[in-house]
Amino acid sequence: MEETIETIVYKKIKSEILTGNIKVGEAFSEASLSKSTGYSRSPIRSALKQLEHEKLVTYKKNRGVVLREASIKELADITQICVNWLILTTEQVAAGLGSFAIDDIQQLLNEAKTYRQQMDYVNYMNKMPEVYMAIMAASPNDLLVSTYQWLSSRVISASIYKKMANPKNSPKKTLSTVQFFQTYIDHLRAEDYSQAIRCLKDYQQYANHQILYYGYL
């Protein structure tokens, strides 16, 4: 189905936010966005309302619209929620309450790997939540995926995205998120769920360290 103008404009503005082209604290307006994008103010107004609903932007009196920056605590909190739900899903599958679409999860992770190798961190960080949701989809709790999607869409840190996109900021390390999840998938294939859960717990510590590293950089 062909996308509406409102959807196209919404995606374009959101992409500008995620790539850091719209900076935290920088005021902009319907008029300035209309000029820069070439679209009329009506679909831009609709897009901004959607982004405000997602808590990505906020309206400031006498300033216009500004980007809302997620705090380090918010990023850490959503990571903890995500990992806890991944652990819950793995425990449920281990108890025979669901099954993983492992090939689908692997395909999504492969796509994330490619983005990371290309240092395309915007698409990489957009793809990894798809991996998480594909794992959560195995849970008999149908609310996990929709609730995580709702939460994650509201916790965006453009400044951290921009820091990650700069190779000079990359810490010296031997592990990465995709490596953790490749190991996790390997354990799932072997039906070694206890080791899969151990891997997720190790990942949680790693992810929190990364958030703190880039957050205070």
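1. Contacts and fold reach. A contact means heavy atoms within 4.5 Å. Take the contacts in the protein chain between residues at least 6 apart in sequence: 71% of them join residues at least 24 apart.

2. Basis of the model. This is a predicted model, in which local features need pLDDT of at least 70 and side-chain atom pairs count only at pLDDT 80 or more, while totals for chains, interfaces and linings use all residues. Residues are numbered from 1 along each chain as its sequence is written, and side-chain values use heavy atoms, with hydrogens and water left out.

3. Confidence. pLDDT is the predictor's confidence in each residue, from 0 to 100. The protein chain has a mean pLDDT of 85, and 86% of its residues reach 70 or more. Confidence is lowest in helix 8 (residues 158-165), at a mean of 63. Helix 9 is where confidence is highest, at 96. Where pLDDT is low, the predicted coordinates should not be read in detail.

4. Secondary structure. Helices (H or I, at least four residues) and strands (E, at least two) are DSSP runs, numbered from the N terminus. The protein chain has ten helices and two strands. Their order from the N terminus is α-α-α-β-β-α-α-α-α-α-α-α.

5. The hairpin. Two strands pair if DSSP finds at least two bridges between them. Strand 1 (residues 57-60) and strand 2 (residues 64-67) are joined by four bridges and run antiparallel. Together they form a hairpin with three residues between the strands. Lys60 stands opposite Gly64 in strand 2. Tyr59 faces Val65 in that strand. In the turn, Asn62 has a positive phi of about 65 degrees.

6. A lysine over Tyr59. The charged end of Lys49 sits over the ring of Tyr59, 5.2 Å from the ring centre. The criterion is NZ of Lys or CZ of Arg within 6 Å of the ring centre and within 35 degrees of the ring normal.

7. The accessible surface of the protein chain comes to about 11700 Å², of which 51% belongs to carbon and sulfur atoms. Accessible areas come from the Shrake-Rupley method with a 1.4 Å probe; for residues, only the protein chains shown count as cover. Buried means under 20% relative accessible area, exposed over 50%, and partly exposed in between (1.4 Å probe, protein chains only). Of the 217 residues of the protein chain, 43% count as buried.

8. Aromatic pairs. Rings of Phe, Tyr and Trp (its six-membered ring) pair if their centres lie within 6.5 Å; planes under 30 degrees apart count as stacked, over 60 as edge-to-face and the rest as tilted. The whole structure holds seven aromatic pairs. In one of them, the ring centres of Tyr132 and Phe181 are 5.3 Å apart and the planes lie at 45 degrees, so this pair is tilted. The pair links distant parts of the chain: Tyr132 is in helix 6 (residues 121-136) and Phe181 in helix 9 (residues 177-189), 49 residues apart. Both Tyr132 and Phe181 are buried.

9. Phe180 and Tyr203 have ring centres 5.7 Å apart and planes at 65 degrees, so the pair is edge-to-face. This pair also links distant parts of the chain, with Phe180 in helix 9 and Tyr203 in helix 10 (residues 193-215), 23 residues apart. Phe180 and Tyr203 are both buried. One aromatic cluster is formed by Tyr132, Tyr148, Phe180, Phe181, Tyr184, Tyr203 and Tyr206.

10. Ser176. This residue is in the loop between helix 8 and helix 9. Ser176 is buried, with a relative accessible area of 4%. Leaving out residues up to four places away in sequence, Ser176 touches Arg116 and Tyr206.

11. Thr89 lies in helix 4. Thr89 counts as buried, at 0% relative accessibility. Not counting residues up to four places away in sequence, Thr89 touches Phe100, Ile135, Met136, Ala138, Ser139 and Leu144. Ala101 sits in the loop between helix 4 (72-94) and helix 5 (102-117). Ala101 is partly exposed, with a relative accessible area of 37%.

12. Glu191. Most residues other than glycine have a negative phi. Glu191 has a positive phi of about 55 degrees although it is not a glycine. Glu191 lies in the loop between helix 9 and helix 10. Glu191 is exposed, with a relative accessible area of 59%.
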